[in-house]
Amino acid sequence: MEGSASGKFSGYSCLFMISFLMVCWGVRSELTTDFYEKSCPNLLGIVRKEVKKAIENETRMAASLVRLHFHDCFVNGCDGSILLDGSDGEKSALPNVNSVRGFDIVDTIKSSVESACPGVVSCADILAIAARDSVVLSGLNTWKVFLGRRDGLVANQTGANNGLPFPTDSLDTITQKFANVGLNQTDVVSLSGAHTIGLARCTTFSSRLFNFSGTGAADSTMDTEMVSDLQTLCPQGGDGNTTTSLDQNSTDLFDNHYFKNLLVGKGLLSSDQILFTGDAAASTTKSLVESYSNDSSLFFSDFINSMIKMGNISPITDSNGEIRTNCRVVNS
């Protein structure tokens with residue numbers, strides 16, 4: 001009988017340990033703000049230092065790093081797949097060619113992190129931290145980034161071509177692309193507010209300047225003085241890679257000026273202005289644009305919530321994926 005009792009106790013103990021481990025594994029399968037607290041305690045300081053240096057060297061880099069995180073999360077989830085080299089990679093997708101940038105900065109950050117904590121921190125998490133730091137260094141209050149993502153093993157060029165919003169997309173199309181990854185219209189408007197910093201190439205908005213939609217004239221929803229200035233900057237047949245500020249008169253400061261611009265027809269991209277102008281916006285996004293233009297605190301709060309929400313799109317966790325040594329290639 002004693003042997004039987006001992007067997008039961010042993011069995012219960014085993015079940016308890018399995019349950020305990022499952023609970024522990026369950027916790028680590030979720031993103032947490034303290035994921036690297038023990039395994040790489042200086043991580044946040046290392047990333048902040050490199051991002052700060054990059055922005056001091058080129059202010060535009062803040063917007064570029066935010067965009068990298070955005071374009072990563074919309075394809076395969078936030079898995080660092082946008083960083084993978086290769087002709088069939090996401091870098092070569094139409095929304096990314098001659099557009100996404102900052103890969104060398106990510107390489108520098110990764111190298112510094114690897115020196116301190118080899119084989120511990122994913123490239124996907126580095127993108128998330130760098131995006132947060134870029135916004136904070138541009139003027140927004142900080143927030144805690146949820147971490148614990150692992151890196152994906154494959155890129156998805158088709159997914160990038162089909163899933164990433166284009167500057168010429170309709171509001172319905174943009175809303176649907178956001179919905180496809182679990183984001184709503186508040187996220188559409190608040191995350192579009194990231195265009196309060198950064199630059200855009202002529203090729204992304206030149207269709208609004210000449211013979212818009214076959215009218216023979218510029219887009220009537222764009223401020224006429226702005227049209228004139230942009231026609232000079234981006235003449236027909238000119239260099240499509242010439243750039244201008246997404247947020248006129250407030251290029252490098254993260255504020256709500258972007259939304260004030262939309263109210264007076266000064267949204268640069270069509271995908272910006274349609275958040276306020278047109279029938280589709282009237283019953284959907286227009287009122288939120290007005291709210292953000294009047295209340296920067298509301299915009300900041302919603303933006304942070306949307307960034308956290310976007311950063312949680314289909315993360316790879318547990319033992320899935322890998323921790324890349326070089327963000328550009330999968331481990332051999």
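Reply: Let us begin with cysteine 202, which counts as buried because its relative accessibility is 3%, and buried here means under 20%. Its partner in a disulfide is cysteine 234, with an S to S distance of 2.0 Å, and cysteine 234 is likewise buried, at a relative accessible area of 4%. This is a predicted model, so please read each value as computed from it. The link of cysteine 202 and cysteine 234 is left-handed, with -65° about the S-S bond. Cysteine 202 sits in the loop between E1 and helix H9 (224–233), while cysteine 234 sits in the loop between H9 and strand E2 (243–245), so the pair ties together parts that are 32 residues apart in sequence.

In general terms, a disulfide is a covalent bond between the sulfur atoms of two cysteines. A search of the whole structure finds four of them, and one joins cysteine 123 to cysteine 327, with the sulfur atoms 2.1 Å apart. That link is left-handed, with -95° about the S-S bond, and it connects distant parts of the chain, since cysteine 123 belongs to helix H5 and cysteine 327 to the segment after H14, 204 residues apart. Cysteine 123 is buried at a relative accessible area of 0%, and cysteine 327 is buried at 2%.

Another disulfide joins cysteine 40 to cysteine 117, S to S 2.0 Å, and this link is right-handed, with 80° about the S-S bond. Both cysteine 40 and cysteine 117 are buried. Counting the bonded cysteines along the chain, the disulfides follow the pattern 1-4, 2-3, 5-8, 6-7.

Technical notes: Residues are numbered from 1 along each chain as its sequence is written. This is a predicted model: local features need pLDDT of at least 70, side-chain atom pairs count only at pLDDT 80 or more; totals for chains, interfaces and linings use all residues. Side-chain values use heavy atoms; hydrogens and water are left out. A disulfide is a pair of cysteine sulfur atoms within 2.5 Å. Buried means under 20% relative accessible area, exposed over 50%, partly exposed in between (1.4 Å probe, protein chains only). Helices (H or I, at least four residues) and strands (E, at least two) are DSSP runs, numbered from the N terminus.
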